[in-house]
Amino acid sequence: MHLTQPRVPPLPHSEWNDETTELLENLRRDGHVYNIFATLARHPQLLKRWLVFASHVLSKSTLPARDREIAILRMGWLCRAEYEWGHHVAIGKQAGLGDDDIKRIAEGPGAPGLDAFEATLLRAVDELHADTFIGDSTWKALAERYNTQQVLDFLFTAGQYKLVSMVLNSLGVQLEEGFERFSNEAQG
């Protein structure tokens, strides 16, 4: 992680008002409010509006869950957003990704054993990350499988997770225990 301490700490429960309590209690998972939500609760109006968009990307998108998680994990990896990576390794496994798949996502579109379309997804994320543009050959490969709504959802997924990665990294949101971290050899 870029920072070992948060620049903006999560809002402690003792400082929750009625508005933040309503927001954060709805986000509680397994008895916990994750640091991303407790940190963004310092701006409840922003959190409330962002959650609508984030909910679309994460659970209402036209993308297959596996494809969505491949895109999210690749963007988190490229942005060196360990918080995002850790949470989405867990979500990706629920979407059918295995440990070998996750290693290939980190390696990138040239990783041995990648399915051709999954390599296209990784290449598209790499291009968006580097150039904010998908090149013609990658676009053509996406459009052969995806309809217009899916292409739009793919673009907004990659963009959403670049945005979230920038926010998490800059605020120093710390990854909770129990989530996968970047391996030491992979951080170089």
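## Basis of the model

Helices here are DSSP runs of H or I with at least four residues, strands are runs of E with at least two, and both are numbered from the N terminus. This is a predicted model, in which local features need pLDDT of at least 70, side-chain atom pairs count only at pLDDT 80 or more, and totals for chains, interfaces and linings use all residues. Residues are numbered from 1 along each chain as its sequence is written, and side-chain values use heavy atoms, with hydrogens and water left out.

## Overall fold

The protein chain has nine helices and zero strands. Its pattern along the sequence is α-α-α-α-α-α-α-α-α. The radius of gyration is 17 Å, close to the 16 Å that the globule rule gives for 188 residues, so the chain is as compact as a globular protein of that length. That radius is taken over C-alpha atoms, and the rule is 2.2 Å times the number of residues to the power 0.38.

Along the principal axes, the C-alpha atoms fill a box of roughly 50 × 40 × 30 Å. Of the 188 residues, 47% count as buried. Buried means under 20% relative accessible area, exposed means over 50%, and partly exposed lies in between (1.4 Å probe, protein chains only). Take the contacts with a separation of 6 or more: residues 24 or more positions apart account for 71% of them. A contact means heavy atoms within 4.5 Å.

## Helix H4 against H5

Two packed helices are described by the angle between their axes and the distance between the axes. Axes are lines fitted to C-alpha atoms, for helices over the stretch in contact, and angles run from 0 to 180 degrees between N-to-C directions. Helix H4 spans residues 65-78 and helix H5 spans residues 82-94. Their axes come within 9 Å and cross at roughly 160°. That makes H4 roughly antiparallel to H5. The cut-offs are under 35 degrees for roughly parallel, over 145 for roughly antiparallel, 65 to 115 for roughly perpendicular, and oblique for the rest.

The crossing of H4 and H5 is left-handed. Left-handed means that the near helix is turned anticlockwise from the far one by less than a right angle; right-handed means clockwise. H4 brings Arg-68, Glu-69, Ile-72, Leu-73 and Trp-77 to the contact, and H5 brings Trp-85, His-88, Val-89, Ile-91 and Gly-92. By class, this contact has six nonpolar, two polar and two charged residues. Ala, Val, Leu, Ile, Met, Phe, Trp, Tyr, Cys and Pro count as nonpolar, Asp, Glu, Lys and Arg as charged, and the others, Gly among them, as polar.

## Helix H4 against H9

H4 also packs with helix H9, residues 148-171. The angle is about 35°, and the axes are 9 Å apart. This crossing is right-handed. On the H4 side are Arg-68, Ala-71, Ile-72, Met-75 and Gly-76; they meet Phe-154, Thr-157, Ala-158, Tyr-161, Lys-162 and Ser-165 of H9. The residues of the contact divide into six nonpolar, three polar and two charged.

## Loops and positive phi

Most residues other than glycine have a negative phi. Arg-80 has a positive phi, near 55°. Arg-80 is found in the loop between H4 and H5. Its relative accessible area is 22%, so Arg-80 is partly exposed.

Thr-132 also has a positive phi, near 50°. Thr-132 is found in the loop between helix H7 (116-131) and helix H8 (136-145). With a relative accessible area of 66%, Thr-132 is exposed.

## Glu-144 and Glu-19

Glu-144 lies in helix H8. At 61% relative accessibility, Glu-144 counts as exposed. The C-alpha atoms of Glu-144 and Glu-19 are separated by 45 Å, and the two residues are 125 residues apart along the chain.
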